Amino acid sequence: MTKVSGTESLRKANTILYDLLLKGGHVIDPANRLDRKMDVAVVDGKIAAVAADLAPAQAGKVVDVHGLFITPGLVDIHVHIGHGGVPDNWYSPSARSQTPPFGVPADWMLTSGVTTVVDTGSAGAETFLREKQMVMDKSQIRVLAFLNIVANGMNGGLEQTVDQMDPQLCAETIEKHRDVIVGVKTAHYWTAKPWDAGHRPWAAVDRALECGRLARVPMMVDFWPRPPQRSYAELILKKMRHGDIHTHVFAQQFPIILPNGRVNPIMWKAQKRGVIFDVGHGAASFWFRNAVPAVEQGFVPDSISTDLHSRSMIGPAQSMTNVMSKFLAMGLPLEDVIRRSTLNPAREINRPDLGTLSVGREADIAVLEKLDGEYSYTDNGNARMEGSVKLIPRMTVRGGKILFDPSGLSTVDWRKARKQYFRPPKLGSSRPSTADDYPRL
């Protein structure tokens, strides 16, 4: 006989309508043009209602979020998970590459309101199954991927081997795993050495483009310009297609800002032709001297992402909400920051089911607080920017489960907990003593 939880029993008795009700918050859902005080209700892991003044008596669990913002779960389309593409024997003197693992556990991103992450190129066609089985299939957060055009993936010692860049193999792998692979990635190709017969300027980009064409997916580019043979202008004005994504847009190597302080006109031209610009902050790809003047002049990236890995997490990037806070501090309105962290990235990876609080969608929700005060932020050039605003995560709901709640928004005072909470279990395998039965970690 299947055991029925208290909430399920009440629902069967028609005494409540919702499993969870977030009450009294300010909803920002750009996909549905919502930016006002509303309640959000969840049932069976799906968004059940978004409306004003939903009745608390109709919910099994009510969470008071007055003074806080309710948004769709954040979508970070540039992270690195698991090993980050390094070989299993990276520590061995005989390993082809001895780069230490630098990916982070995917579920750590839940602590900043993120409910969907996209690993960008850690794995290629030959290494994707390892990433899928080790991380993607085991995580509570939703994990998608851009497949590296290099079959061996990142940091395996073969990134510069053009023969590893097989468009057909790449496209076939994407087709087999289209439910979780959203595009193709090229990165780090031939950034310093002289060109030679085996390394032509556009080899990696051209092969990634061919994979994207065959598989009908966007290409994400991590790029180091080397004019005149490989210029930034040629990349974004000729090579990249409508819907292709240039990540690390504010990295030091790009001519975003001209010597006269104005935004380079090629940026506007590229946006007009449909090239997508993504932040991809990382540990070496975000400079205020590019970002601040660009934003002040109206050139704003289409999507905000972290390029989170072990070094960027303890460096200036830190988290999704920290990167978002930098754009708030630059003067971008909160609704615009949320749009570029939910709706826009979901569209960029062709997943319109994400980044929205639409009724019937999976209940991926972020509860955020905006603080006003004196704060400062740093970039990858070791420079600081002062700000008067900061965004912090207060709760993350993924598929209806409360997976992050550091201050106990959804809990009760221990003195007021139900009797079951005060009964120690008899065995280690027994049901733990908890204050409620709501699904969590």
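# A walk through the strands, helices and cores

Strands here are DSSP runs of E with at least two residues, helices are runs of H or I with at least four, and both are numbered from the N terminus. Two strands pair if DSSP finds at least two bridges between them. This is a predicted model, in which local features need pLDDT of at least 70 and side-chain atom pairs count only at pLDDT 80 or more, while totals for chains, interfaces and linings use all residues. Residues are numbered from 1 along each chain as its sequence is written, and side-chain values use heavy atoms, with hydrogens and water left out.

Back to the strands. Pro72 has Ile365 as its bridge partner in S15. S7 (residues 69-72) is also joined to strand S2 (residues 26-29), this time by two bridges and in the parallel sense. Here Val27 stands opposite Ile70 of S7.

Now turn to an open sheet of four strands, arranged in the order S5-S4-S1-S6 with mixed pairing. Strand S5 (46-51) and strand S6 (59-64) stand at its edges; each has a single partner strand, so one side of each is left without a neighbour in the sheet. On average, neighbouring strands of this sheet are turned by 20° against each other, direction ignored. Within the sheet, strand S1 (residues 18-23) pairs with S6 in the parallel sense over five bridges, and Leu20 stands opposite Lys61 in S6.

What lies inside? In soluble globular proteins, nonpolar side chains tend to be buried together. A nonpolar core is a set of buried Ala, Val, Leu, Ile, Met, Phe, Trp, Tyr and Cys residues joined through side-chain atoms within 4.5 Å. Buried means under 20% relative accessible area, exposed means over 50%, and partly exposed is in between, using a 1.4 Å probe and protein chains only. The largest nonpolar core has 102 residues, of which Tyr232, Met267 and Phe327 touch the most other members. Helix H4 (residues 203-215) gives the largest share of this core, seven residues. Apart from it lies another core, of 22 residues, and among them are Leu22, Val27, Val65 and Ile70.

Met267 is worth a visit. Leaving aside neighbours within four places in sequence, Met267 is in contact (heavy atoms within 4.5 Å) with Tyr232, Ile236, Val249, Ile256, Phe277 and Phe299.

Two helices come together here. Helix H5 (residues 232-239) and helix H6 (residues 265-272) pack at an angle of about 20°, with their axes 9 Å apart. Axes are lines fitted to C-alpha atoms, for helices over the stretch in contact, and angles run from 0 to 180 degrees between N-to-C directions. H5 and H6 are therefore roughly parallel to each other, a description used for angles under 35 degrees. The contact involves Tyr232, Ala233, Ile236 and Leu237 of H5 together with Ile266, Met267, Lys269 and Ala270 of H6.

Helix H9 (residues 320-329) has nine of its 10 residues buried, so it is largely enclosed by the rest of the structure. Phe327 is one of these buried residues. The cover over the buried residues of H9 includes strand S8 (74-79), strand S9 (114-124), helix H7 (288-296), helix H10 (334-339), S15 and strand S16 (384-398). Just after H9, Gly331 takes a positive phi of about 110°.

Ala145 counts as buried at 1% relative accessibility. Leaving aside neighbours within four places in sequence, the contacts of Ala145 include Val118, Phe128, Met136 and Val180.

Finally, some details of the backbone. Most residues other than glycine have a negative phi, and most peptide bonds are trans. A cis peptide bond joins Pro227 and Pro228, with omega about 10°, and Pro228 is found in the loop between strand S12 (219-221) and H5. Asn155 has a positive phi near 60° and is found in the loop between S10 and helix H3. Asn350, in the loop between helix H11 (343-348) and S15, also has a positive phi, of about 60°. Asn155 counts as buried at 16% relative accessibility, whereas Asn350 counts as exposed at 53%.

Notes. Parallel < 35°, antiparallel > 145°, perpendicular 65-115°, else oblique.
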